[in-house]
Amino acid sequence: MKKIEVDTLIEGGHSLMNEVVMDTARELSRAHFVVKIDELLKERGITQKQLAQMTGMRVGTISDIVNGKGSSINKAQLFSIMVALKVTRMSDIYEVVLPEEKRKDYLMLQDEWVNNREMPVPVKEMYKKNVLKASGLSLD
């Protein structure tokens with residue numbers, strides 16, 4: 001299992017990504033992106049090379065995916081890995097683990113949003129801030 005801090009992924013992310021996307025993603029500071037493929041390979045008794053042969057991907061691509069390198073994986077690659085390893089959920093391959101206080105907060109806001117069918121205040125504030133930023137207007 002490879003744990004990568006979200007902050008590290010954001011800083012090493014795509015250089016053309018707009019600032020609103022980056023700032024919004026920074027909300028997950030201290031969270032971890034977890035790559036579980038190496039554990040799946042061990043459980044199934046296969047190598048990265050065998051997974052590459054099963055999926056038609058290069059061994060180097062599989063190695064990068066397993067080690068959390070690169071900033072993205074395309075959906076076809078993800079589906080190929082799911083088929084080859086016979087997993088049913090993306091969370092069997094990748095997972096985002098939030099700090100406990102953030103997870104509790106998100107669950108509370110999620111419930112509030114679903115039950116009231118209205119954006120919670122923190123989401124409204126983020127929305128307004130991001131709309132202003134995207135339009136080039138000042139927050140002051």
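The model is predicted, so local features need pLDDT of at least 70 and side-chain atom pairs count only at pLDDT 80 or more, while totals for chains, interfaces and linings use all residues. Residues are numbered from 1 along each chain as its sequence is written, and side-chain values use heavy atoms, with hydrogens and water left out.

**Overall build**

Let's start with the fold. The protein chain holds 8 helices and 3 strands, where helices (H or I, at least four residues) and strands (E, at least two) are DSSP runs, numbered from the N terminus. Read from the N terminus, their order is β-α-α-β-α-α-α-α-β-α-α. The radius of gyration of the protein chain is 18 Å, well over the 14 Å that the globule rule gives for 140 residues, so the chain is more spread out than a compact globule. Here the radius is taken over C-alpha atoms, and the rule is 2.2 Å times the number of residues to the power 0.38. Along the principal axes, the C-alpha atoms fill a box of roughly 55 × 35 × 25 Å.

Of the 140 residues, 28% count as buried; buried means under 20% relative accessible area, exposed over 50%, and partly exposed in between (1.4 Å probe, protein chains only). The chain exposes about 9,600 Å², with carbon and sulfur atoms supplying 55% of it; these areas come from the Shrake-Rupley method with a 1.4 Å probe.

**The second largest pocket**

On a 1 Å grid over the protein atoms alone, a pocket is an open set of points where a 1.4 Å probe fits, with protein on both sides within 12 Å along at least five of seven lines; lining residues have an atom within 4 Å of a point. About 200 Å³ of space lies in the second largest pocket, a volume being the space filled by probe spheres set on the points. α7 (100-116) and α8 (121-134) each supply at least two lining residues, and α7 gives the most, with 5 residues. Among the residues of the lining are E27, Y106, W113 and M126.

Most residues other than glycine have a negative phi. These two go the other way:

| Residue | Phi | Loop | Relative accessibility |
|---|---|---|---|
| R30 | about 75° | between α2 (19-25) and β2 (32-35) | 53% |
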